[in-house]
Structures are given as structure tokens and as C-alpha cells.
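Dear colleague,

Please find below the structure that I am handing over to you. My notes on what was found in it follow.

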Amino acid sequence: MALLFDQLKTKTEKWRKQGFPHEEFSPIAEIFEWASSPDGSGFQLRPPQLRALEAYWFLRLVENTPRLFDLYQEIFPVNEDPDGLLKALGIPEAAFKTSKYNFPSLWKSIRTNDYFVREHTLEALRETMELQYPSYILALAMGAGKTALIGAIIATEFAMALEYPEGPFIQNALVFAPGTTILGSLRELAAIPYERILPPRLFKQFAATVKLIFTRDGEKDIPVIKGSSYNVVVTNTEKIRIQKETIRKSDLGTLFSSKKEDEARAEIANLRLQSIASLPHLGVFSDEAHHTYGQALDTELKKVRKTVNYLHDNSPNLVCVVNTTGTPYFKKQPLRDVIVWYGLSQGITDNILKPVADNIHAYEFQGDAKKFVAEVIGDFFLKYRDVRLPDGAWSKLAIYFPQTDDLRDLRPAAEAKLIDLGLPTDLLFERHSDSTQTEKDAFERINEMSSQHRVILLVNMGTEGWNVPSLFACALARKLKTSNNFVLQAASRCLRQVPGNIHPASIYLSSDNRRTLDKELQETYGESLEDLRQKQSNSRTAQIVVRKIKLPPLVIRQLVRTVIRKEVEKGKLTLTRPTAKEQATLTRTSFEIARQSATRTLLKQAGETVTIETEPDSVDLYTAATELAAVYRLHEWTVLDELRRLYVSEDELPLSHLGELGQQIEKQTCQYEVKEEYVERALALIKPDGFELCHDTEGNEIYTADIRYPIDREKLLVHYEAWKGKYSGRSAAFGFLYTPYNFDSNPELSFFEQLFEHVGLHPEQVEDLYFTGAITDPRKTDFFVEYRGEDNRWHRYTPDFVIRRKPDQGRKHGRCLIVEIKAERERTHPIDGEKGVKALAVRQWEQLNLDQLKYEMIFVKEDVLAKDQTHMARQFVEE
């Protein structure tokens with residue numbers, strides 16, 4: 001399928017082969033001729049930067065700076081290629097069908113119908129359609145030089161504006177730097193050798209007129225002359241934004257109502273933003289576009305986007321918005337404004353990034369990160385001890401920690417390793433939220449030749465936007481609870497290449513973080529936009545509403561086992577020395593980034609896993625005796641005497657022996673017994689508190705939840721309202737504890753339909769028929785059993801159906817039949833089969849509640865159940 005950036009690439013290549021012709025603005029060809037091959041040696045735009053610059057100017061000059069939605073309709077004309085337009089925009093066939101295959105109706109629904117947009121996952125497209133100004137995304141992998149690309153666009157725009165003062169070119173630029181890296185971005189922009197981008201005659205005018213400005217803390221305004229030209233203002237989202245004016249209630253007077261107070265607090269632009277809005281022919285540049293594109297588009301726009309909208313409405317002329325990012329999608333939602341895509345693997349192949357073949361190392365260190373830190377530092381200096389960049393900057397290692405406490409806990413291990421290597425400990429450097437101003441300043445200079453720091457310890461620093469080519473290695477010391485692409489951002493910081501470097505980069509990870517990195521690599525670079533688009537268009541969302549809130553619980557007997565300690569008489573302690581040798585706890589596996597035929601995994605193991613011998617940790621005998629005595633409530637001298645007997649002439653014992661010694665003490669001093677008792681438990685089939693409380697159109701309280709289902713299962717979504725009309729009469733009262741039911745398979749729907757009809761013939765005997773298989777969240781139901789899976793972990797299983805009879809005479813609760821529907825091919829499956837662990841768990845219920853419960857599994861080969869397959873269930877109803 002042709003994508004927008006693919007089509008633009010083809011058109012731009014054609015324009016390039018023609019020599020970049022333009023009747024009105026011919027100097028653009030002169031600029032590209034120079035930028036692609038400037039005289040002499042030195043800086044030169046890389047191929048991906050040039051291709052992105054060419055695509056940008058193709059849109060600006062040949063296409064006359066179109067809005068993206070207009071561009072889509074031009075490249076994929078509705079009358080000529082309607083299918084291509086729908087696919088390029090990521091609009092599913094079902095959405096077009098809902099709009100009666102009418103494009104004007106489709107566009108209207110996307111713009112105005114919130115439910116339609118949510119149902120078909122069209123939030124990003126709506127945002128693209130609603131933009132009133134041109135906005136483009138240049139998606140280039142990290143290290144490809146996005147900040148330099150922004151500088152090149154600004155320089156060429158200013159140069160064209162100086163040639164044609166009345167032309168449609170940018171004369172002022174607002175650059176949003178990622179995060180808080182304003183000074184770093186300013187330095188990068190200032191350091192670009194623009195004479196290697198612009199021909200000499202154009203460069204002289206540019207250099208004489210451009211002014212670089214940045215927002216300073218403590219200053220309300222920006223040092224820029226309002227209405228002036230050729231300013232480049234570097235800021236971030238916090239220093240330039242729409243904000244509410246602070247007004248004290250005492251200033252309003254007693255005559256103002258609360259409504260007036262709200263009006264008085266209306267949003268205004270701060271002074272900095274007003275100054276920028278005064279600048280003519282403005283271009284806005286956002287480094288890392290995902291800060292501009294929010295995913296909660298139905299609630300609140302991101303601050304940057306809101307700011308840009310203000311500038312569009314209030315500046316003399318907002319020419320264009322340019323965004324750069326390392327990925328063409330955010331949170332698996334494609335960004336429709338992408339006009340250029342250059343991936344990570346391309347960067348490595350083109351030597352724009354440092355190679356990492358055989359240098360991605362994953363470690364298993366059994367929770368002891370100190371050994372990991374020591375091994376990483378040792379390996380780094382083994383490889384890079386004498387390595388410098390061509391400019392003389394020392395090679396560096398960055399170690400990332402989740403929390404400051406982790407850093408402080410592991411820093412002594414890093415210092416000890418440096419001392420062991422004969423290196424000074426002042427090679428270490430910390431940067432985190434508690435850093436002093438001196439440390440912050442040193443961090444800004446970390447890439448300079450004068451910086452002597454080699455090992456950088458970081459907490460929440462040094463990821464996105466941190467440009468340090470002297471960084472040759474990265475390590476993640478602890479597993480992160482949540483990543484949000486942090487592992488990829490951190491691990492890839494060391495990949496930035498510089499001309500003349502011949503040394504590869506190294507990445508050190510725990511095995512857990514290695515899996516996370518692999519996942520994030522696949523999500524960010526291993527999937528095409530088409531893959532993501534298919535995932536989005538193959539599913540929809542729906543809202544289920546609980547209909548039956550006050551259901552009687554399912555009361556069952558359960559066997560509860562409680563392990564209690566039984567005290568025994570303490571005798572003489574006799575221990576034997578553990579014979580097991582200290583096992584190495586550190587292994588290293590090396591990986592390279594490579595595509596594989598048999599798997600989508602991008603990390604390919606290179607070589608064998610290496611076991612690294614480590615010195616066994618030890619503990620002195622007195623400390624060991626004290627710990628063991630405290631755990632098992634013994635006198636420490638009793639334990640110490642026995643340890644001294646075992647470890648004659650030794651002051652310490654291996655730390656690994658403590659576990660086995662403890663087991664020996666436990667066997668001699670402690671005993672346990674299992675107490676069994678039968679208890680009755682009331683299992684709630686549905687728990688309203690686990691759902692979201694809201695109100696329907698009539699103001700009634702309802703409990704709801706959102707579900708997502710594949711489009712090919714839409715026929716399995718069954719609404720109560722539809723069945724109520726279909727089965728009017730006594731059957732309508734049964735079933736549907738919530739609506740719609742979302743069945744997993746057609747056999748489930750077939751079973752429900754047959755039993756739904758049948759219970760209507762015996763309403764005096766049946767209390768209800770419930771479909772329970774789709775609600776598995778323990779916050780929403782108690783009806784599940786737990787089983788141990790093949791991964792040796794505990795999982796929950798909720799059977800598909802419950803048929804409950806009315807209580808027989810003399811009984812408090814009615815009998816229940818639990819039914820599970822499975823495909824015939826799963827009959828022998830160890831988990832889902834007839835004798836699988838799920839079935840065994842439910843049958844334990846059945847055995848303990850023979851007078852209350854029956855359990856039946858139905859294995860089916862066809863989509864529709866035969867009548868005889870529901871015989872047991874129908875017989876249960878008729879009893």
C-alpha cells in the first residue's frame with residue numbers, strides 16, 4: 001500500500017533529477033547544489049537530512065505549502081483512487097460503510113461525531129483535518145541529526161526570504177526544545193556551520209542578519225524587538241504557553257458573581273507569547289513531535305498545540321509548523337502528518353549511528369546489581385580506556401538508575417571497581433534532581449574535551465534530546481516498573497556517531513530490560529505504518545451496561561488450607577557444612593541488531609552465553625550466627641559455637657551457605673502442620689463497584705465499562721434490546737446481566753441462543769441464564785477459579801456460562817450448571833482440555849458441592865452446536 005511519505009519520496013526524487021526547477025524561486029536549486037556538495041572538507045548534511053530538506057521544500061514550493069488533509073486528497077484523488085485515500089488515512093472500511101460510502105458525510109462524521117471517531121480510532125486523523133495551518137512531521141531516527149535539520153530549514157528559509165522579502169518565506173522562527181534542554185539546543189543551533197549549507201553569497205546575508213535568542217528564567221518577556229525579522233527564539237513548552245491570569249477575589253468586588261469571576265480568569269497569553277505573536281512570517285519548529293500530538297484529543301490539547309493555535313490566530317502570518325521525531329507514530333497511533341521517515345536500521349547501515357554488533361550484553365545477576373555495575377565498568381574500560389573522539393573528548397559510559405536511592409546504593413560498588421582498576425574515583429559524575437548548580441553546569445559540558453568525567457550516573461536525565469557523541473556505552477542497572485520507551489531512549493543514547501570514529505558502541509542490560517528493549521525496538525522501528533494501521537482498523541470499542549445489579553451470589557463450599565507453625569521441644573543443634581560450591585551468579589550474552597527470518601525479534605544473539613567467574617561473597621561467623629539466631633529464635637551463642645565447629649580456623653563463611661544452614665536449623669527446630677476446614681463463600685457474579693458509575697440520557701445511574709473487540713467478531717456482539725424484540729414473552733426476562741454480550745466464538749453464541757429459548761419454556765424452574773466468560777476482572781466479579789499455568793504462575797479462569805435453577809423446596813439456594821464451550825482441537829490441551837488444569841480446578845468445586853454444582857465441558861467442531869450437544873443443559877433446566 002502506498003503511504004503519503006512514499007508518494008512524496010517518489011515525487012521529490014523526480015524533482016531532484018530535474019535539478020529542483022522553479023520558475024519564480026530558482027535559488028532553491030543553487031542551495032541544494034551547494035548543500036549536497038559544499039567546497040572543501042568539513043560538515044556536510046547527511047543523506048537523510050538532505051532527503052528530508054528536499055521533501056520539505058518540495059511541499060513549500062511545488063505544492064505551495066498545503067495543509068496535510070488537502071495534500072492527501074491531491075495525491076490520492078477521491079474520484080481516481082478512493083481506496084488509496086482511505087488506506088493512506090487509516091480509515092477502516094466499516095467507517096466508510098457507516099457513512100454510506102459518501103466522502104462528504106465521512107469527513108463530517110470525523111469532524112463532529114465523537115463516538116464515531118472513538119469507535120474507529122480516528123483521533124489523530126481528526127486532529128490533522130482540523131488544523132488550520134500547514135504542519136509536517138519529519139520522522140528521523142535518533143542520531144540522524146534532527147536539530148541540525150531544523151537549523152538547515154531555518155537557514156534556507158531565511159536565505160530565501162532575504163532574496164525575496166515579499167515572498168512566502170519564514171522570517172522568524174520559534175524552536176521548541178525537548179524537555180528543559182534549551183541551552184543545549186541553542187548551542188547546537190549556534191554551532192551548525194551554516195556556510196556548509198548555504199552558498200557563499202546567501203550565507204553572508206544570513207550570517208549578518210540572524211539573531212539567536214533564548215528564554216531566560218526570571219524574565220517575563222523575550223529580548224526581541226516586536227515586529228522585527230530574522231529572529232530564532234529557542235524555548236520549551238513551559239516558558240511559552242497559554243496560561244490563566246491570576247486574579248484575587250478581593251480585586252473583583254462584591255458585585256461580581258462566580259460567573260463573572262470565571263470570566264475574569266479567562267485564558268490570556270503571557271508576555272513572552274505576545275512578543276512572539278508580533279513577529280511576522282513566523283515558522284514554528286518542535287523538536288520531538290510527540291510532545292505536540294496528544295492522544296487524549298477528546299479532552300484537552302497539548303500545551304504546545306494550543307500555543308501554536310494561538311499564534312496562528314494572533315500572529316501576522318504563521319507560515320508553517322515543522323515537527324521532528326524519531327518515530328512516525330506515538331503509542332502505536334500513526335501520526336498522519338509524517339512526510340519523511342528514516343529508520344534506526346538505516347542509520348546503522350549508513351554509519352550515521354555507531355555499530356553495536358556483538359556489543360549488546362544482557363546479564364542475569366540474581367538481584368545483586370553491585371556485581372553488574374562492577375562488571376560493566378570493568379568491561380567498559382577494557383574496551384574504551386584509551387578511546388577518544390577525533391576532537392579529543394574521552395569516551396564515556398552512562399549508567400541509568402530508576403531512583404536516586406538506587407544510585408546511592410550502587411555508587412560504592414562503582415568506586416570500588418575504579419580503585420581496583422587503578423583509576424581515580426573522580427571519573428564518576430552524578431546528575432539527578434538533587435544536583436547542585438555546579439553539577440548541572442558540568443553536565444552541560446560533559447561532551448567537551450576538557451571534561452574528565454568518564455562514568456556518568458543518571459536518574460531521570462540524559463535521554464531524549466541528550467546529544468553526547470562521546471558516549472560509547474550505556475547501562476541500565478535496575479529493572480524499571482514502567483518504561484514508556486525509557487529503555488530504548490536510554491540504551492540508544494550511545495549510538496550517535498561522529499566522523500572519524502571507528503569504535504562500536506556497547507549496551508549493557510539486565511535480561512528483563514533486554515526484553516523491554518527488544519519490545520520497544522519492535523514497536524518503534526520494527527513495524528511499518530501499515531502494520532499499525534491494520535491493528536487499529538481491526539478492532540473497535542463498545543460500552544457495556546450492567547442490567548442486573550442485585551444478583552444473588554453463588555454460594556459454594558470450599559476447602560481452605562492454613563499452614564500453622566507447631567512448636568516442638570528444642571534439642572541440641574547439630575549442623576553439617578554445606579558441600580555445594582559457590583556458583584557463579586553472573587552471565588553475559590551478546591546481541592546484535594539484525595532482522596531474522598524466523599522471528600520479528602530484532603536482537604539476535606551473537607556467540608555463546610559467557611559465565612563470568614566472581615569472587616564469592618562472605619559473612620563473618622558472628623554476623624551469620626546473629627542472623628540465624630534471630631530468624632529461628634535461638635540463642636546466638638548456641639549457633640556461633642556450632643558454626644565455629646564447622647568452620648575451624650576460618651573467620652568467615654560463604655554467603656551462599658546461609659540458605660542451606662537455615663534449612664538445617666528449620667528441620668531441627670521447627671515443624672508445621674496444615675489445618676483444613678470447609679467454609680462457605682458467596683461469589684458475586686457481578687460487582688457493580690468495579691464498573692464506572694455514570695448516568696444515562698434520562699439521568700438514571702448506570703454502571704458501564706468499555707471493551708475492545710475485533711471487527712471480525714462484531715456479529716458476536718449481542719444486544720439485549722435486539723433480543724428482547726426477537727424473543728418477546730417469557731424468554732426476554734432471562735439472560736443479559738449486562739448488554740451487549742461479547743461472545744468469543746460462534747459456538748458460544750449458538751449455545752446461548754438455544755438455551756435462551758429453552759429456559760423460556762420453563763420459567764417456573766429457572767432463575768436465570770448468565771454468560772460470564774467475558775468478565776474476568778476480579779474487581780468486577782468473584783466468579784473465577786485460580787490455576788497454575790505452564791509458566792508456573794497463578795492465573796484466573798472464568799467459565800463461560802452459569803444456569804441457575806430456582807431453589808428446591810427446603811433449600812436456600814438453587815442448583816447451578818457451569819458450562820464451558822471449547823473447540824474440539826483443545827480437548828487434550830494441558831490447560832484448556834477436558835483434563836486440563838482449568839477443568840480440574842472447577843471440578844474440585846463440583847466435588848465439594850455435589851448437591852449444588854454440576855460442570856460440563858462441550859467440545860465442538862462446527863460453528864453451530866448440534867441439538868444433542870446441549871442435551872445435558874436442557875435436561876438440567878427440565879429437572
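Helices (H or I, at least four residues) and strands (E, at least two) are DSSP runs, numbered from the N terminus. Axes are lines fitted to C-alpha atoms, for helices over the stretch in contact, and angles run from 0 to 180 degrees between N-to-C directions.

Please note that this is a predicted model, in which local features need pLDDT of at least 70 and side-chain atom pairs count only at pLDDT 80 or more, while totals for chains, interfaces and linings use all residues. Residues are numbered from 1 along each chain as its sequence is written, and side-chain values use heavy atoms, with hydrogens and water left out.

E35 and E36 belong to an open sheet of four strands with mixed pairing, in the order E31-E34-E35-E36; two strands pair if DSSP finds at least two bridges between them. Strand E31 (766-771) and strand E36 (853-860) are the edges, and each has a single partner strand, so one side of each is without a neighbour in the sheet. From one strand to the next, the twist averages 15°. E31 pairs with strand E34 (residues 801-805) over five bridges in the antiparallel sense, and tyrosine 770 stands opposite valine 802 in E34.

The second largest pocket

H28 also contributes to the second largest pocket, which has a volume of about 590 Å³, and it supplies the largest share of the lining, six residues. A pocket is found on a 1 Å grid over the protein atoms alone, as an open set of points where a 1.4 Å probe fits, with protein on both sides within 12 Å along at least five of seven lines; lining residues have an atom within 4 Å of a point. Grid points are joined across faces, edges and corners, and the volume is the space filled by probe spheres set on the points. Of the 19 lining residues, Gln558, Glu786, Ala841, Gln844 and Trp845 are the closest to the centre of this pocket. Two or more lining residues come from each of strand E19 (554-567), strand E25 (670-683), strand E32 (785-788) and H28. By class, the lining has twelve nonpolar, two polar and five charged residues. Here Ala, Val, Leu, Ile, Met, Phe, Trp, Tyr, Cys and Pro count as nonpolar, Asp, Glu, Lys and Arg as charged, and the others, Gly among them, as polar.

The seven-stranded sheet

A further open sheet has seven strands with parallel pairing, in the order E3-E4-E2-E7-E8-E1-E11. Strand E3 (211-214) and strand E11 (338-342) are its edge strands, each pairing on one side only. Neighbouring strands are turned by 15° against each other on average, direction ignored. Strand E2 (residues 172-176) and strand E7 (residues 282-287) run parallel and are joined by five bridges, and leucine 174 has valine 284 in E7 as its bridge partner. Helix H10 (residues 146-163) packs on this sheet, touching strand E1 (135-140), E2, strand E4 (231-235), E7 and strand E8 (318-325), and its direction makes about 170° with that of E7.

Helix pairs

The axes of helix H1 (residues 4-17) and helix H3 (residues 47-62) come within 10 Å and cross at roughly 85°. H1 is therefore roughly perpendicular to H3, a term that covers angles of 65 to 115 degrees. In this contact, Leu8, Lys11, Thr12, Trp15 and Arg16 of H1 meet Arg51, Glu54, Ala55, Trp57, Phe58, Leu59 and Val62 of H3. By class, seven of these residues are nonpolar, one is polar and four are charged.

Backbone features

Most residues other than glycine have a negative phi, and most peptide bonds are trans. Asparagine 64, in the loop between H3 and helix H4 (68-75), has a positive phi of about 60° although it is not a glycine. The peptide bond from threonine 739 to proline 740 is cis, with omega near 0°; proline 740 lies in the loop between strand E29 (738-739) and strand E30 (741-742).

With kind regards

Terms used: Angles under 35 degrees count as roughly parallel, over 145 as roughly antiparallel, 65 to 115 as roughly perpendicular and the rest as oblique. Contact means heavy atoms within 4.5 Å.
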